[in-house]
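Here is a short report for a reader meeting this structure for the first time. Please look over the sequence and the model before reading on.

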Amino acid sequence: MSSIKLYPPKPEKVYFYGTCLVDMFYPEAGMAGIQLLEREGIEVIFPQDQTCCGQPAYTSGYHDQAREVAAAQLKLFPQDYPIVLPSGSCAGMMREHYPELFAGQPEAALAENVASRIYELTEFLLHVCHMQIEDKGEPIKVAMHTSCSARREMGLGEVGPALLKKMGNVEVVEQARIKECCGFGGAFSVRHPEISEAMVNDKVKAITDTGAQQLVSGDCGCLMNIMGANEFQAQQGLVQEVKGEHIASFLWRRSNES
Amino acid sequence: MSHNPVQSFHPRVHEAIHNPQIRANFRKAMDGLMDKRLAAFPSDDDLQKMRDLAASIRLRALAKLPELLEKLEANLTAQGIQVHWAENGDQACKIILEICQRHNAKSVIKGKSMVSEEMELNHYLAEHGIDALESDLGEYIVQLADETPSHIIMPAIHKNTDQISDLMHEKTGTNKSRDVEYLTAEARQQLRERFEKADVGVSGVNFAVAETGTLCLVENEGNGRLTTTVPPVHIAVTGIEKVVENLEDVAPLLSLLTRSATGQHITTYFNMISSPRKEGELDGPDEVHLVLVDSGRSNIYQDDELLDTLRCIRCGACMNHCPVYTRIGGHAYGYTYPGPIGKILMPHMVGLEDAKDLPSASTLCGACGEVCPVRIPIPKLLVRLREESVAGDKQHDNSMVRGRGSKRNTTETLIWKGWAKMHKHGGLYRIGTGAATVFKGLMPNKIGAWTNCRTAPKLAASTLHEQVKARQLAQAKVQKEQQKSEGEA
């Protein structure tokens, strides 16, 4: 992204949009995100009617259906509070694609308004909360994978590593070809399984080659993909098993340990 | 034209992905090209400004395309270059054949031209008894192997030195050697003889300048200059989108083209052709022709969004940076233009029925869009073509895209409709059959593909919705008890 985003002062309240993948597979990452925000003195509102941002239908080409579901999400944020998501991919959908999806529709203005309030969680913690964090964990070697949406669509490639640098006992190691896609791509992973497999296997190798004990990512799609492949290979004794965690869980766990 | 690949996409991918030679050749070459490009743009700020300028030049040219094409034709004609229009590749082939036949041509020498690949010109000429020889080294190798280019600017990038040495030994009798200088010199020797006796030279065009009637040709080997100056007849062939308005538009585009493609600040040769040989001049052809090919381009032009496809200046940076292209190479795509640009261009040339697997073969990682020198929003156009494949947006029902809706099927449509119904009601979503059902419902028999190389995803014991609710209830209870004890006290 060539434009520089201006960040608002820390608000009193935010909406938290958990995303469907976190909801079903990584709820602890959602809870960690909420608790990190609360620790910053922010009241977190979790609209119970939230479901999915619509991205799966959108990227599959079913835009009528994506619009139906997205329209329901637009109604969840009536107050002018920021909307925080623990996913660069879903945040990218809502910030970058909602305006296009609703262009020329009755919801166009609302979609623009919602899009302008969207923040990815680590972006919000770093740039809006200016979060200070005390690392209470043991020394550890960590690799970070930033999703392509967070890196390229949202322009947040430096945010995750910047947060990890605040952690005194964390040594961040950099895997080869760090900016390359992990091969998830939603339905791509099952529509083109062989290409996806080649990509994720290369990614696992790059990460295990660093000797990292743990991988963190701000996106659960990538995490599910990379960790699934790592576990699969580790079960056959092919690679070292690496612990995988959403960056929110990692930050919360290590700063909240007693 | 026989664009239809012999096999469908997946078997070709399977073959490529399990070929260690292909994997190694492409990985190595693409890593090198990415590094070279990066080194050619020391300042990201400057790069972004250059991209802005280049994009604006291309946008302006496309905005005035019909007018600029007329101007180009008028200026070229006034300068003695004959302009021909072809609706499709077949017509373009016929036009070129007729010119050749008029001159009793038997031997054609060719400079690099992807448009001539698009229309399979060499085969067409061969069928009519005319021998066309590729003179670009990469194209020459590909032609020797009876293959097609696997990359738009480095046609033989799928082969390493050993493979090229073996091929040249087998086909032309050179010694087997890893000495690239030796192999190049041998190829040059063979080509020189053909340049001298060629009746017609065929080349591509990188930029056609409307204002001055100038055909610009970018190349590194000098073969382009020989092709366009030695034979008595030169035929340039290109797509209608290659026109730019002014001469001053060329420099920024050229600079970005070469840096994005190979990391070169400029190529060894840059040819500007504006007329046949004039009286008193020593070099140059007696006749120059330009064949302007449509082949679906004017159709793309009708659509405000897809129009951006036509900005392309064919640098190949999108494929160099594509994680999919790097894994499968150019041939697996099955069409003239591989990689990201091929995925957004080929569906218009051959129709979505044929090219049905191309738009989905991307993770939408955005690496292509990030490096595109003219800022083509490739991921956005891929999503648009996915929508066209399944006719998934009523707003586009009148679109001009060939094969709109050809991938739509009842089962998948029903699944997405069901998905929408469930996900537009928070209540339904929460009480719904749970995450597992949703996940499996979306991808019925495909969880097998996921678990070919990964463990299955593990559903959480309770959803975030439930955990948040439970926490709120617990907090409310504590509060209530506090109030109660305060009240009692």
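## Ground rules

This is a predicted model: local features need pLDDT of at least 70, side-chain atom pairs count only at pLDDT 80 or more, and totals for chains, interfaces and linings use all residues. Residues are numbered from 1 along each chain as its sequence is written, while chains are lettered from A and ligands numbered from 1 in the order in which they are written.

## Chain B at a glance

Chain B has 23 helices and 10 strands. Both are DSSP runs numbered from the N terminus: helices are H or I with at least four residues, strands are E with at least two. The C-alpha trace of chain B spans about 115 × 50 × 45 Å along its principal axes.

Chain B has 489 residues, and 47% of them count as buried. A residue is buried if 20 or more other C-beta atoms lie within 10 Å of its own, exposed if 12 or fewer, and partly exposed in between; the C-beta atoms are placed from the backbone. Among contacts in chain B with a separation of 6 or more, 73% come from residues 24 or more positions apart. Two residues are in contact if their C-beta atoms, placed from the backbone, lie within 7 Å.

## Where the chains meet

The contact takes 55 residues from chain A and 53 residues from chain B. Several helices of chain A each supply at least two residues, including H1 (20–25), H2 (27–39) and H12 (220–235). H11(A) gives the most, with eight residues. By class, the chain A side divides into 26 nonpolar, 18 polar and 11 charged residues. Here Ala, Val, Leu, Ile, Met, Phe, Trp, Tyr, Cys and Pro count as nonpolar, Asp, Glu, Lys and Arg as charged, and the others, Gly among them, as polar.

## A helix pair across the contact

The axes of H4 (residues 63–74) of chain A and H19 (residues 410–423) of chain B come within 9 Å and cross at roughly 5°. Gln65(A), Glu68(A) and Val69(A) make the contact from H4(A); Trp416(B), Lys417(B), Trp419(B), Ala420(B) and His423(B) make it from H19(B).

## Core and strands

The largest nonpolar core has 208 residues. Such a core is a set of buried Ala, Val, Leu, Ile, Met, Phe, Trp, Tyr and Cys residues joined through C-beta atoms within 7 Å. Val84(A), Ile226(A) and Val108(B) have the most contacts inside this core. Its largest share, eight residues, comes from H12(A). Val84(A) is also the bridge partner of Phe16(A).

Chain B holds an open sheet of four strands in the order E8-E5-E6-E9, with mixed pairing. Strands pair if DSSP finds at least two bridges between them. E8 (243–244) and E9 (269–273) stand at the edges with a single partner strand each, so one side of each is left without a neighbour in the sheet. Five bridges join E6(B) to E9(B), which run antiparallel.

## A buried proline

Where does Pro193(A) sit? Its place is in helix H11 of chain A. Pro193(A) counts as buried because 21 C-beta neighbours lie inside 10 Å. Leaving aside neighbours within four places in sequence, Pro193(A) is in contact with Ala449(B) and Asn452(B).

Technical notes:
Axes fitted to C-alpha atoms, helices over the stretch in contact; angles between N-to-C directions.
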